Amino acid sequence: MTSIAFYHTLDEERPFAEQWATDHNVRVECFPFELHDDTLDAVQGFDGISYKQRCAPSDDPDFYRRLRAYGIRQIALRSAGYDTINLNAAHANGLRITNVPSYSPTAVAELTLTHIMQLIRHVPQFDSRMRRHDFSIQGLMSPEISELTIGIIGVGRIGSTVARIFHSLGATVIGNDITENHNLDTILTWTSRDNLLATADVVTLHTWLDDTTRHLIDKHSLSLMKPTAYLANLSRGAVVDTQALIDALQNHRIAGAAIDVLENEAAVFGNRLSDDKPVPHNAYNTLRTLPNAIITPHVAFFTDHAVRNMVQQSLNDALTIITGGTSPHEIQPER
C-alpha cells in the first residue's frame, strides 16, 4: 500500500487526512513533530511526504540527499509559501516540490478585513481604556471605510479578494503588482508602489517572499506613508523590516500596524510557552506593548475550509507524483 508521512499534524488536520486516506486507500501516518534532521528517519519506509511548518527542515543540503536515499521523490507543502525549502538542493537530489497556492483566499482576506477594521475603529485603544475602567471616547473618532483609500501590494488570489471586499464596502482601492490583472480594473486603480505608499490610508501586503520582496517594506518605504496611515501584513514576516516597523510605530511615523506574520516567528508562533518565562523573541515583546499594534500568530489560513483544502490538495499532489503523474502545483527550481 502506498504510504505518506504527514509531518507536524494539527489536531484540526487529522480528520481530513484520515478521511482522505480512507477514500484513496493510502496509508497516511500523522506525526505530531516537524520534519528536521532529527526526525528525518521517521520517513523510512514511506513513499512520500506532506508537511507544513514555519521554519526550514534543515540548513544542511545533505538533508535532501538523505531523503532520496530513503526513496523519497517528492515533498508536498501544505502551504502557499515555499520559503522553507531549499529548492535547488531538493531538485539536485531528484525531489519534486508542490505547494497549495490557493487553499482559501477568502480566509486570509477575512482576517485582513478584521485587522484593518480593528485599526480603523481604534479597538485596541478602546480595549486598553476599558481595562482601566476608562469608558471615555474622546480622541478616538474613526473615519468610515467609504472615506478611505486601501492600497494593496500583491494583487494575486488573496490581494484581489481583499480588493473586492473593500470595493464592495465603498473604499477607493489602489493596487501594485509586478503583473497587472486588468480584469480588476473596474474595482481598483493600478499605480506605482511609491505612489501607493504615499497615497493609501491603509497599506496591506499580500505578496510572496523571495529575494525581491524581502524587506520590501523598509525604513524608506515606511517614510513614504502618511502619519495617519496603517500597515497590515498578512503575507510573510520578512516582507517587512521588523525593526524599521517598530521604529515607525514608536515614533508615530505611521498610525498603526496589524501583523499576522513576523520575522523569525518560528521561535514563538505555533508554540505554547510557559507563563513564567520570557518570550524568546525581542521584536514580538516590543510590538505587543505598543498600543498601535495588533498581532495574531500566523492564523490567517486557519479556517475549516482552508485547512481541509490544504490537507487534501497536498495529499492529492503527493499521490500524483508518487504514482508517476504531474501536478500543476509543482514548483520549479530557482535559476
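1. Start at a strand pairing. Thr98 stands opposite Glu330 in β13. The model is a predicted one. Thr98 belongs to strand β5, which covers residues 96–98. β5 and β13 pair in the antiparallel sense, over two bridges.

2. Now widen the view to the sheet. Six strands make up an open sheet, in the order β2-β1-β3-β4-β5-β13. The pairing is mixed. Which strands stand at the edges? They are β2 and β13 (330–331). Each has a single partner strand, so one side of each has no neighbour in the sheet.

3. A helix covers this sheet's strands. α11 packs on the sheet and touches β1, β2, β3 (48–51), β4 (74–77), β5 and β13. The direction of α11 makes about 140 degrees with that of β1.

4. Next, the nonpolar cores. In soluble globular proteins, nonpolar side chains tend to be buried together. Here the largest nonpolar core has 48 residues. Val28, Tyr103, Phe166, Leu188 and Leu315 have the most contacts inside this core. Several elements supply at least two residues each, among them β1 (3–6), α1 (14–24), β2 (27–30) and α11 (304–322). A second, separate core has 32 residues, including Ile174, Leu205, Ile246 and Ala283.

5. Strand β9 (residues 202–205) deserves a separate look. In a regular strand the side chains alternate between the two faces of the sheet. In β9, Val202 and Thr204 point one way. Val203 and Leu205 point the other way. Are these four residues buried or exposed? All are buried.

6. β9 has partners in β6 and β10. β6 and β9 pair in the parallel sense over four bridges. Val203 in β9 is the bridge partner of Gly151. β9 and β10 also pair in the parallel sense, over four bridges. Leu205 stands opposite Asn233 in β10. From β9, the chain crosses through helix α8 (residues 219–224) to β10. This β-α-β crossover is right-handed.

7. Why does Arg236 count as buried? Its relative accessibility is 18%, and buried means under 20%. Leaving aside neighbours within four places in sequence, Arg236 is in contact with Ala80, Gly81, Asp83, Leu209, Val261 and His298.

8. Last, the aromatic rings. The structure holds eight aromatic pairs. In one of them, the ring centres of Tyr7 and Phe31 are 5.3 Å apart and the planes are at 55 degrees, so the pair is tilted. Tyr7 lies in the loop between β1 and α1, while Phe31 lies in the loop between β2 and β3. The pair therefore ties together parts that are 24 residues apart in sequence. Tyr7 is buried, at 0% relative accessibility. Phe31 is buried too, with a relative accessible area of 11%.

9. Phe31 also pairs with Phe33. Their ring centres are 5.0 Å apart and their planes are at 15 degrees, so this pair is stacked. Phe33 is partly exposed, with a relative accessible area of 31%. Ring pairs link Tyr7, Phe31, Phe33 and Phe46 into a cluster.

Terms used. Residues are numbered from 1 along each chain as its sequence is written. This is a predicted model: local features need pLDDT of at least 70, side-chain atom pairs count only at pLDDT 80 or more; totals for chains, interfaces and linings use all residues. Side-chain values use heavy atoms; hydrogens and water are left out. A nonpolar core is a set of buried Ala, Val, Leu, Ile, Met, Phe, Trp, Tyr and Cys residues joined through side-chain atoms within 4.5 Å. Buried means under 20% relative accessible area, exposed over 50%, partly exposed in between (1.4 Å probe, protein chains only). Two strands pair if DSSP finds at least two bridges between them. Contact means heavy atoms within 4.5 Å. Axes are lines fitted to C-alpha atoms, for helices over the stretch in contact, and angles run from 0 to 180 degrees between N-to-C directions. A crossover is right-handed if, with the strands pointing away from the viewer, the path from the first strand over the helix to the second runs clockwise. Rings of Phe, Tyr and Trp (its six-membered ring) pair if their centres lie within 6.5 Å; planes under 30 degrees apart count as stacked, over 60 as edge-to-face and the rest as tilted.
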